[in-house]
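Student: I would like to go through this model and ask what stands behind each label. Please set each value against its cut-off.

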Amino acid sequence: MPASATPQALHRFVAGVALLLCCLLGWSPPAWAGVADAPGANLEVSLITYGPGETYWERFGHDAIELRDNVSGEAVSFNYGVFDFDERGFLFNFARGRMHYLMDAAPSDVDQHYYVDVGRSVTRQRLAFTPAQAADLRDFLLWNLRPENVRYEYDYYADNCTTRVRDALDKALGGTLRPQLEARAGNMTFRQQTARLMSQQAWLMLILDLGLGPYADQPLNASQESFLPMVLQTSLRQVKVPDGQGGMRPLVMDEQVLSPNRLAPPPDSAPDLRLPLALAGLIFAALLVLARRYAPTVYALLGSLYLVLAGFVGIALLILWTLTTHHSAWANANLLLFNPLALLLLRAIWRSRRGAQTSRFTDSLIVLQLLAVLAAVLMHLLPGVVQQNQPWLLFALPCWLALAWTLRQRRR
């Protein structure tokens, strides 16, 4: 999710490799020599957070670790959000859930220039790192930038560009960050955050919500929810670290908005999809019933549209569960509502248009599908069931009831 695939990002990656080579070979380019060689006492550590963009892969925001040499004023931003559409087998690997992401580095002004130009907010949080911690962080980031270490297996929620930044900071701080975040409850689930940030692209939001399984509805702590850059930014404000004198001090020393947001901001909460999808299901069911009586061909077309969509959605959900590593889509209860068996009812829909009697096979399929819908409803009512798929239950239930009734009403 949080990622960058722009030409600027690829340019920064090349620049980052150049930085590593310069460090390894002992060269001293003016732009980076200070950060690469400076003692820890001269290094300033900051978290740079970029607000959401307009493209779907930018809706979750982005962030980077900035290291600045206070003596020379030189600054480098390190981030973990580069992917390459032109990578061999990219689309196939993406479909299987095996996405290769890259770390890169670039001068901070180059890294931030793109985000300022497109109107995304840029915020810097200066962090209270000791000289030893700052040097350890710099050494780890340069090690991570080596060609053999630069790639990682991306996961939308558990291992992305922000969780990598969080973990790098935690490592340099000696493990004091993660326990404090884990001790606080998160505000939303993966599903709610996804719907909130994708709400301006409604169709994509609905597709993602339909495809997410129970993994996306588990309660989160602040550490897990900090898979989002803006959440990590907010969470760090409450973190405290030792001050070296037996006390504690805030990790965030100061916060500065380098560039304000000029785009429409995402809502503060996830949209409630229950009423819209319930109304859509009732309207579609009413159209089926009316069309069966007054326009049989329209009825067959509407029924076929629903069955085809339900069948192919079921195939997609089944593939995601059994053949990919997209674990956020596994064990999706929506398979009970939309499944490949729906395709077997297509012939019955067109036969019923002419008043033909349904076969025993069709009757069995109808009963089986209604039992599946009933099971989905009962599963949702049972205690301990995590998946929050009420909107799709409210949509599918009237549709299947209308299809079952109209098919049975076609008996002579």
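Tutor: D111 lies in helix α4, which spans residues 108-117. Bear in mind throughout that this is a predicted model.

Student: Why is D111 called buried?

Tutor: Its relative accessible area is 1%, and buried means under 20%, so D111 counts as buried.

Student: What makes the pair D111 and Y50 a polar contact?

Tutor: The side chains of D111 and Y50 are joined at 2.7 Å. The limit for a pair of N or O atoms is 3.5 Å, so the pair falls within it.

Student: Why is I207 called exposed?

Tutor: I207 has a relative accessible area of 56%. Exposed means over 50%, so the label applies to I207. This residue is found in helix α9, residues 202-211. I207 and V313 are 106 residues apart in sequence, with a C-alpha to C-alpha separation of 9.6 Å.

Student: Why is A331 called partly exposed?

Tutor: The value for A331 is 36%. Partly exposed covers what lies between buried, under 20%, and exposed, over 50%, so A331 belongs there. A331 sits in the loop between α13 (296-322) and α14 (346-353).

Student: What is noted about the phi of A331?

Tutor: The phi of A331 is positive, about 55 degrees, although the residue is not a glycine.

Student: What makes Y56 and W57 an edge-to-face pair?

Tutor: By the ring-pair rule there are 18 aromatic pairs. For Y56 and W57 the centres are 5.2 Å apart and the planes make an angle of 75 degrees.

Student: Are Y154 and Y156 buried or exposed, and what class does Y56 fall into?

Tutor: Both Y154 and Y156 are buried. Y56, at 43% relative accessibility, counts as partly exposed.

Student: Which residues form one aromatic cluster with F284?

Tutor: The cluster consists of F284, Y306, F338, W392, F395 and W400. Y306 and W400 are also among the residues with the most contacts inside the largest nonpolar core, which has 91 residues. Helix α16 (residues 390-409) gives the most to this core, with 10 residues. Another core lies apart from it and has six residues, including I48, A64, Y115 and V122.

Student: What does L137 touch?

Tutor: Leaving out residues up to four places away in sequence, L137 touches V45, I65, L67, F129, A168, L169 and A172. F129, L137 and L169 are named among the residues with the most contacts inside the largest core. In soluble globular proteins, nonpolar side chains tend to be buried together.

Student: How do you know that C161 is buried, and what of C399?

Tutor: C161 has 0% relative accessibility, and C399 is also at 0%. The cut-off for buried is under 20%, so C161 counts as buried, and so does C399. The structure holds zero disulfides.

Student: How many residues of the protein chain count as buried, as a percentage?

Tutor: Of its 412 residues, 51% count as buried. The chain has 16 helices and nine strands, and exposes about 19,000 Å², with 64% of that supplied by carbon and sulfur atoms.

Terms used
Residues numbered from 1 in each chain as written. Predicted model: local features only at pLDDT ≥ 70, side-chain atom pairs only at ≥ 80, totals over all residues. Heavy atoms only, no water. Disulfide = S-S within 2.5 Å. Buried < 20%, exposed > 50% of the residue type's maximum accessible area, 1.4 Å probe, protein only. Helix = DSSP H or I, 4+ residues; strand = E, 2+ residues; numbered from the N terminus. Polar contact = N/O pair within 3.5 Å; in protein donor to acceptor, adjacent residues only side chain to side chain. Areas by Shrake-Rupley, 256 points an atom, 1.4 Å probe, with all protein chains shown as cover. Phe/Tyr/Trp six-rings, centres within 6.5 Å; stacked < 30°, edge-to-face > 60°. Core = buried A, V, L, I, M, F, W, Y, C linked by side-chain atoms within 4.5 Å. Contact = heavy atoms within 4.5 Å.
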